[in-house]
Amino acid sequence: MKEALSAVISRAFGEHELHRLEANIQPDNVRSAGLVKSLGFRLEGYSPRYLKIDGEWRDHERYAITSEEWAA
């Protein structure tokens with residue numbers, strides 16, 4: 001998964017010239033948080049009741065990375 005996400009990030013910043021990517025992850029999803037952190041994403045904040053899933057509002061942690069950080 002790390003290799004695949006790395007390819008997506010490279011394409012987003014390279015071919016599509018995006019400046020910023022975000023990942024919103026439920027706090028108990030340790031593996032997903034570990035994945036994005038291993039690719040350089042940083043925790044930016046906490047979003048209570050961010051997304052309704054299965055009829056319940058779920059909190060999320062917000063991670064982000066910029067093209068400058070990816071290139072470093």
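In what order do the three strands of the open sheet stand? The order is E1-E3-E2, and the pairing is antiparallel. Here strands (E, at least two residues) and helices (H or I, at least four) are DSSP runs, numbered from the N terminus, and two strands pair if DSSP finds at least two bridges between them. The model is a predicted one, in which local features need pLDDT of at least 70 and side-chain atom pairs count only at pLDDT 80 or more, while totals for chains, interfaces and linings use all residues. Residues are numbered from 1 along each chain as its sequence is written, and side-chain values use heavy atoms, with hydrogens and water left out.

Strands E1 (20-25) and E2 (42-53) stand at the edges of the sheet; each has a single partner strand, so one side of each is left without a neighbour there. From one strand to the next the twist averages 30 degrees. Angles run from 0 to 180 degrees between N-to-C directions, with axes fitted as lines to C-alpha atoms, for helices over the stretch in contact.

The pairing can now be followed strand by strand. E1 and E3 are joined in the antiparallel sense over six bridges, and Arg 20 has Thr 66 in E3 as its bridge partner. E2 pairs with E3 (residues 56-66), also in the antiparallel sense, over eight bridges. Gly 45 stands opposite Arg 62 in E3, and Lys 52 stands opposite Trp 57 in E3. The hairpin of E2 and E3 has two residues between the strands, and in this hairpin Asp 54 takes a positive phi near 55 degrees.

Two helices accompany the sheet. Helix H1 (residues 2-13) lies across E1 and E3 and runs at about 145 degrees to E1. Helix H2 (residues 30-38) packs on the sheet, touching E1 and E3, and its direction makes about 160 degrees with that of E1. Contact means heavy atoms within 4.5 Å.

The largest nonpolar core has 13 residues, of which Ile 9, Leu 21, Ala 23, Val 36, Phe 41 and Tyr 63 touch the most other members. Such a core is a set of buried Ala, Val, Leu, Ile, Met, Phe, Trp, Tyr and Cys residues joined through side-chain atoms within 4.5 Å. Two or more residues of this core come from each of H1, E1, H2 and E3. Beyond four places in sequence, Val 36 touches Leu 5, Ala 23, Ile 25, Phe 41 and Tyr 63.

Is His 60 buried or exposed? His 60, in strand E3, counts as buried because its relative accessibility is 3%; buried means under 20% relative accessible area, exposed over 50%, and partly exposed in between (1.4 Å probe, protein chains only). The side chain of His 60 reaches the backbone oxygen of Arg 58 at 3.2 Å.

His 19 lies in the loop between H1 and E1 and, at 46% relative accessibility, counts as partly exposed. His 19 and Glu 68 are 49 residues apart in sequence, yet 7.9 Å apart in space, C-alpha to C-alpha. Their side chains make a polar contact at 3.0 Å. A polar contact is a pair of N or O atoms within 3.5 Å; within protein, one must be able to donate a hydrogen and the other to accept it, and residues adjacent in sequence count only if both atoms are side-chain atoms.
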